[in-house]
Amino acid sequence: MRKLAAGNWKMNGLAENLSELDNLTQAHPSPNVDILICPPAPLLMQAALQSPVVQIGAQDCHAKTNGAHTGDISPDLIKSIGATSVILGHSERRQDHGETNEQIAAKTQAAHAAGLIAVVCIGETHLQRLENETLDVLAAQLAGSLPASSTAENTVVAYEPVWAIGTGLVPTDQQIDQAHAFIRDTLVARFGDTAKEIRLLYGGSVKASNADAIFQIKNVDGALVGGASLKASDFSPIINALENTL
Ligand code: PGA
(Lines give C-alpha, C1' and ligand atoms only; values in the text may rest on other atoms or scores of the structure.)
Protein backbone atom coordinates (compact mmCIF):
# COMPACT_ATOMS: atom_id res chain seq x y z
CA MET A 1 0.00 0.00 0.00
CA ARG A 2 1.26 3.49 -0.87
CA LYS A 3 0.94 5.86 2.05
CA LEU A 4 -0.82 9.19 1.64
CA ALA A 5 -0.09 12.69 2.89
CA ALA A 6 -3.24 14.69 2.14
CA GLY A 7 -3.74 18.42 2.65
CA ASN A 8 -7.14 20.07 2.98
CA TRP A 9 -6.90 23.80 2.37
CA LYS A 10 -10.58 24.29 3.31
CA MET A 11 -11.71 27.87 2.53
CA ASN A 12 -8.16 29.18 2.62
CA GLY A 13 -5.82 30.35 -0.08
CA LEU A 14 -6.01 32.70 -3.04
CA ALA A 15 -4.83 32.16 -6.60
CA GLU A 16 -1.33 33.30 -5.71
CA ASN A 17 -1.04 30.61 -3.04
CA LEU A 18 -0.81 27.96 -5.76
CA SER A 19 2.90 28.77 -5.72
CA GLU A 20 2.96 26.50 -2.66
CA LEU A 21 2.42 23.59 -5.05
CA ASP A 22 5.62 24.52 -6.86
CA ASN A 23 7.42 24.67 -3.51
CA LEU A 24 6.10 21.21 -2.62
CA THR A 25 7.13 19.81 -5.98
CA GLN A 26 10.61 21.23 -5.57
CA ALA A 27 10.94 19.74 -2.09
CA HIS A 28 9.56 16.34 -3.19
CA PRO A 29 10.41 15.79 -6.87
CA SER A 30 9.91 12.01 -6.67
CA PRO A 31 8.14 11.16 -3.41
CA ASN A 32 7.80 7.63 -2.08
CA VAL A 33 4.33 8.44 -0.76
CA ASP A 34 1.30 9.95 -2.46
CA ILE A 35 0.90 13.69 -1.89
CA LEU A 36 -2.58 15.15 -2.30
CA ILE A 37 -3.66 18.78 -1.99
CA CYS A 38 -7.34 19.74 -1.91
CA PRO A 39 -7.62 23.47 -2.63
CA PRO A 40 -10.87 25.45 -2.93
CA ALA A 41 -12.85 24.59 -6.07
CA PRO A 42 -11.94 27.63 -8.21
CA LEU A 43 -8.25 26.69 -7.94
CA LEU A 44 -8.66 23.02 -8.89
CA MET A 45 -8.00 23.21 -12.60
CA GLN A 46 -4.95 25.43 -12.40
CA ALA A 47 -3.64 23.30 -9.53
CA ALA A 48 -4.03 20.12 -11.57
CA LEU A 49 -2.29 21.69 -14.56
CA GLN A 50 0.48 23.07 -12.42
CA SER A 51 1.67 20.11 -10.42
CA PRO A 52 3.12 16.98 -11.97
CA VAL A 53 3.89 15.33 -8.62
CA VAL A 54 1.23 16.57 -6.24
CA GLN A 55 -2.18 15.02 -6.81
CA ILE A 56 -5.15 17.36 -6.64
CA GLY A 57 -8.54 16.78 -5.04
CA ALA A 58 -11.78 18.63 -4.39
CA GLN A 59 -13.35 19.15 -0.97
CA ASP A 60 -16.86 18.06 -1.92
CA CYS A 61 -18.94 17.04 -4.94
CA HIS A 62 -22.58 16.55 -5.88
CA ALA A 63 -24.09 13.08 -6.12
CA LYS A 64 -25.29 13.69 -9.69
CA THR A 65 -23.18 13.93 -12.83
CA ASN A 66 -24.84 17.10 -14.16
CA GLY A 67 -28.05 19.10 -14.01
CA ALA A 68 -29.84 22.03 -12.43
CA HIS A 69 -27.87 22.30 -9.19
CA THR A 70 -26.62 25.87 -8.94
CA GLY A 71 -23.28 26.20 -7.22
CA ASP A 72 -22.60 22.48 -7.01
CA ILE A 73 -19.79 20.59 -8.72
CA SER A 74 -20.10 17.16 -10.28
CA PRO A 75 -17.55 14.40 -9.75
CA ASP A 76 -17.25 14.03 -13.52
CA LEU A 77 -16.20 17.66 -13.83
CA ILE A 78 -13.65 17.21 -11.05
CA LYS A 79 -12.26 14.16 -12.82
CA SER A 80 -12.21 15.92 -16.21
CA ILE A 81 -9.91 18.72 -15.03
CA GLY A 82 -7.26 16.25 -13.93
CA ALA A 83 -8.03 15.86 -10.23
CA THR A 84 -7.70 12.39 -8.74
CA SER A 85 -9.68 12.64 -5.53
CA VAL A 86 -12.44 14.26 -3.52
CA ILE A 87 -12.87 14.66 0.23
CA LEU A 88 -16.39 13.65 1.28
CA GLY A 89 -18.21 13.86 4.60
CA HIS A 90 -15.78 16.19 6.30
CA SER A 91 -17.16 17.12 9.72
CA GLU A 92 -17.36 20.76 8.64
CA ARG A 93 -19.71 19.73 5.82
CA ARG A 94 -21.66 17.47 8.14
CA GLN A 95 -21.99 20.44 10.57
CA ASP A 96 -22.25 23.49 8.30
CA HIS A 97 -24.36 21.87 5.59
CA GLY A 98 -26.20 19.17 7.53
CA GLU A 99 -24.78 16.40 5.37
CA THR A 100 -26.08 12.99 6.35
CA ASN A 101 -24.44 9.59 6.01
CA GLU A 102 -26.91 8.79 3.23
CA GLN A 103 -25.94 11.87 1.24
CA ILE A 104 -22.25 11.13 1.76
CA ALA A 105 -22.73 7.55 0.56
CA ALA A 106 -24.48 8.83 -2.58
CA LYS A 107 -21.68 11.31 -3.25
CA THR A 108 -19.06 8.64 -2.62
CA GLN A 109 -20.74 6.27 -5.05
CA ALA A 110 -20.88 9.06 -7.66
CA ALA A 111 -17.19 9.81 -7.08
CA HIS A 112 -16.35 6.14 -7.61
CA ALA A 113 -18.41 6.06 -10.81
CA ALA A 114 -16.49 9.10 -12.07
CA GLY A 115 -13.17 7.38 -11.39
CA LEU A 116 -12.22 9.48 -8.39
CA ILE A 117 -10.73 8.37 -5.09
CA ALA A 118 -13.11 9.29 -2.27
CA VAL A 119 -11.48 10.38 0.98
CA VAL A 120 -14.37 9.72 3.36
CA CYS A 121 -14.15 11.41 6.76
CA ILE A 122 -15.57 10.07 10.01
CA GLY A 123 -15.08 11.00 13.64
CA GLU A 124 -16.75 11.61 16.98
CA THR A 125 -17.50 14.87 18.76
CA HIS A 126 -16.05 15.63 22.16
CA LEU A 127 -19.37 14.90 23.85
CA GLN A 128 -19.64 11.55 22.08
CA ARG A 129 -16.15 10.63 23.29
CA LEU A 130 -16.97 11.67 26.86
CA GLU A 131 -20.08 9.50 26.72
CA ASN A 132 -18.11 6.50 25.44
CA GLU A 133 -19.94 6.52 22.13
CA THR A 134 -16.88 6.83 19.89
CA LEU A 135 -16.86 3.33 18.44
CA ASP A 136 -20.64 3.31 17.95
CA VAL A 137 -20.41 6.62 16.09
CA LEU A 138 -17.58 5.33 13.89
CA ALA A 139 -19.50 2.11 13.16
CA ALA A 140 -22.62 4.04 12.15
CA GLN A 141 -20.66 6.49 9.99
CA LEU A 142 -18.76 3.69 8.26
CA ALA A 143 -21.92 1.67 7.63
CA GLY A 144 -23.84 4.72 6.44
CA SER A 145 -21.25 6.66 4.47
CA LEU A 146 -19.45 3.94 2.52
CA PRO A 147 -21.32 2.50 -0.47
CA ALA A 148 -20.91 -1.08 -1.68
CA SER A 149 -18.68 0.24 -4.48
CA SER A 150 -15.87 1.00 -2.00
CA THR A 151 -12.53 -0.69 -2.67
CA ALA A 152 -8.93 -0.20 -1.59
CA GLU A 153 -8.27 1.54 -4.90
CA ASN A 154 -11.12 4.05 -4.83
CA THR A 155 -11.58 4.74 -1.12
CA VAL A 156 -9.56 6.27 1.68
CA VAL A 157 -11.03 6.59 5.19
CA ALA A 158 -9.93 9.53 7.33
CA TYR A 159 -10.47 9.29 11.08
CA GLU A 160 -10.86 12.86 12.27
CA PRO A 161 -12.12 13.38 15.83
CA VAL A 162 -14.15 16.58 15.53
CA TRP A 163 -12.66 17.92 18.77
CA ALA A 164 -9.12 17.57 17.38
CA ILE A 165 -9.72 19.56 14.19
CA GLY A 166 -8.07 22.96 14.27
CA THR A 167 -7.85 22.92 18.06
CA GLY A 168 -4.30 21.76 18.71
CA LEU A 169 -5.78 18.89 20.72
CA VAL A 170 -4.67 15.42 19.63
CA PRO A 171 -5.97 12.08 20.91
CA THR A 172 -3.54 9.87 22.78
CA ASP A 173 -1.66 7.26 20.78
CA GLN A 174 -3.88 4.65 22.43
CA GLN A 175 -7.04 6.46 21.34
CA ILE A 176 -5.83 6.68 17.73
CA ASP A 177 -4.70 3.06 17.83
CA GLN A 178 -8.07 1.91 19.15
CA ALA A 179 -10.05 3.89 16.58
CA HIS A 180 -7.92 2.79 13.63
CA ALA A 181 -7.96 -0.87 14.70
CA PHE A 182 -11.73 -0.68 15.02
CA ILE A 183 -12.09 0.96 11.60
CA ARG A 184 -9.83 -1.67 10.01
CA ASP A 185 -11.76 -4.55 11.60
CA THR A 186 -15.08 -3.04 10.60
CA LEU A 187 -13.96 -2.60 6.98
CA VAL A 188 -12.57 -6.15 6.77
CA ALA A 189 -15.78 -7.56 8.25
CA ARG A 190 -17.80 -5.82 5.54
CA PHE A 191 -15.56 -5.85 2.47
CA GLY A 192 -13.28 -8.82 3.16
CA ASP A 193 -9.50 -9.13 3.25
CA THR A 194 -8.97 -6.58 0.47
CA ALA A 195 -10.05 -3.94 2.98
CA LYS A 196 -6.70 -4.47 4.69
CA GLU A 197 -5.36 -2.34 1.84
CA ILE A 198 -7.80 0.56 2.31
CA ARG A 199 -5.71 3.50 3.43
CA LEU A 200 -6.66 4.90 6.84
CA LEU A 201 -5.61 8.47 7.53
CA TYR A 202 -5.53 10.22 10.86
CA GLY A 203 -6.61 13.89 10.82
CA GLY A 204 -6.86 16.58 13.46
CA SER A 205 -4.07 18.99 14.45
CA VAL A 206 -1.34 17.00 12.69
CA LYS A 207 1.85 19.03 12.49
CA ALA A 208 5.57 18.50 12.06
CA SER A 209 6.08 18.09 15.81
CA ASN A 210 3.62 15.22 16.27
CA ALA A 211 3.69 13.54 12.84
CA ASP A 212 6.50 11.09 13.65
CA ALA A 213 4.67 9.69 16.67
CA ILE A 214 1.30 9.49 14.90
CA PHE A 215 2.79 7.67 11.89
CA GLN A 216 4.24 5.01 14.20
CA ILE A 217 0.74 3.90 15.21
CA LYS A 218 -0.53 0.71 13.61
CA ASN A 219 -3.13 1.13 10.84
CA VAL A 220 -2.21 4.78 10.33
CA ASP A 221 -1.39 4.94 6.62
CA GLY A 222 -1.03 8.69 6.36
CA ALA A 223 -2.65 11.93 7.45
CA LEU A 224 -5.31 14.41 6.41
CA VAL A 225 -3.86 17.78 7.34
CA GLY A 226 -5.66 21.12 7.49
CA GLY A 227 -3.80 24.15 8.80
CA ALA A 228 -0.33 22.65 8.42
CA SER A 229 -0.91 21.91 4.72
CA LEU A 230 -1.30 25.54 3.64
CA LYS A 231 2.41 26.23 3.41
CA ALA A 232 4.89 23.83 1.84
CA SER A 233 7.35 24.66 4.62
CA ASP A 234 4.87 23.24 7.18
CA PHE A 235 3.59 20.33 5.10
CA SER A 236 6.94 19.14 3.81
CA PRO A 237 8.24 17.88 7.19
CA ILE A 238 5.00 15.90 7.60
CA ILE A 239 5.60 14.28 4.20
CA ASN A 240 9.17 13.53 5.27
CA ALA A 241 7.92 11.94 8.50
CA LEU A 242 5.63 9.67 6.49
CA GLU A 243 8.44 8.73 4.12
CA ASN A 244 10.63 7.94 7.12
CA THR A 245 8.25 5.12 8.09
CA LEU A 246 9.05 3.25 4.86
P1 PGA B 1 -6.39 20.56 11.07
O2 PGA B 1 -7.61 20.08 10.15
O3 PGA B 1 -5.15 19.83 10.62
O4 PGA B 1 -6.30 22.05 10.82
O5 PGA B 1 -6.75 20.22 12.48
C6 PGA B 1 -7.70 18.74 9.75
C7 PGA B 1 -8.89 18.52 8.87
O8 PGA B 1 -9.96 19.09 9.13
O9 PGA B 1 -8.80 17.78 7.89
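## L88 in strand β4

L88 is buried, at 0% relative accessibility in this predicted model. The residue is found in strand β4. Leaving aside neighbours within four places in sequence, L88 is in contact with D60, C61, I104, K107, T108, A111, A118, V119, V120 and C121.

One of these partners is V119. L88 and V119 are 31 residues apart along the chain, yet their C-alpha atoms are separated by 5.9 Å.

H90 is found in the loop between β4 (85–88) and α4 (91–96). Its relative accessibility is 4%. The cut-off for buried is under 20%, so H90 counts as buried.

A polar atom of the H90 side chain lies 2.9 Å from the backbone nitrogen of E92. Beyond four places in sequence, H90 is in contact with N8, K10, C121, E160 and I165. C121 is also among the contacts of L88.

## Helices α5 and α7

Helix α5 spans residues 101–114 and helix α7 spans residues 134–145. They pack at an angle of about 45 degrees, with their axes 7 Å apart. The two helices are therefore oblique to each other.

On the α5 side, the contact is made by N101, E102, I104, A105 and T108. On the α7 side, A140, Q141, G144 and S145 take part. By class, the residues of this contact divide into three nonpolar, five polar and one charged. I104 and T108 of α5 are also among the contacts of L88.

## I183 in helix α8

I183 lies in helix α8, residues 173–191. I183 counts as buried, at 1% relative accessibility. Not counting residues up to four places away in sequence, I183 touches I122, L138, L142, V157, Y159 and L200.

G203 is 20 residues from I183 along the chain. The C-alpha atoms of the two are separated by 14 Å.

## E197, between α8 and β7

E197 lies in the loop between α8 and β7 (199–203). Is E197 buried or partly exposed? E197 is partly exposed, with a relative accessible area of 42%.

Leaving aside neighbours within four places in sequence, E197 is in contact with M1, A152 and R184. V225 is 28 residues away along the chain. The C-alpha atoms of E197 and V225 are separated by 21 Å.

N219 sits in the loop between α9 (208–215) and β8 (222–225). Its relative accessible area is 18%. Buried means under 20%, so N219 is buried.

The N219 side chain makes a polar contact with the side chain of R184, at 2.9 Å. Leaving aside neighbours within four places in sequence, N219 is in contact with H180, A181, R184 and L200. R184 is also in contact with E197, and L200 is touched by I183 as well.

## Helix α10 against α9

α9 and helix α10 (residues 232–243) pack at an angle of about 20 degrees, with their axes 9 Å apart. That makes α9 roughly parallel to α10. The crossing of α9 and α10 is right-handed.

The α9 residues of the contact are A208, A211, D212 and F215. From α10 come P237, I238, A241 and L242. Which classes do these residues fall into? Seven are nonpolar, none is polar and one is charged.

## Helix α10 against α1

α10 also packs with helix α1, residues 19–27. The angle is about 35 degrees, and the axes are 9 Å apart. The crossing of α1 and α10 is right-handed.

E20, N23, L24 and A27 in α1 meet A232, F235, S236 and I239 in α10. By class, this contact has five nonpolar, two polar and one charged residues.

Conventions. Residues numbered from 1 in each chain as written. Predicted model: local features only at pLDDT ≥ 70, side-chain atom pairs only at ≥ 80, totals over all residues. Heavy atoms only, no water. Helix = DSSP H or I, 4+ residues; strand = E, 2+ residues; numbered from the N terminus. Buried < 20%, exposed > 50% of the residue type's maximum accessible area, 1.4 Å probe, protein only. Polar contact = N/O pair within 3.5 Å; in protein donor to acceptor, adjacent residues only side chain to side chain. Contact = heavy atoms within 4.5 Å. Axes fitted to C-alpha atoms, helices over the stretch in contact; angles between N-to-C directions. Parallel < 35°, antiparallel > 145°, perpendicular 65-115°, else oblique. Left-handed = near helix turned anticlockwise from the far one by under 90°. Nonpolar A, V, L, I, M, F, W, Y, C, P; charged D, E, K, R; others polar.
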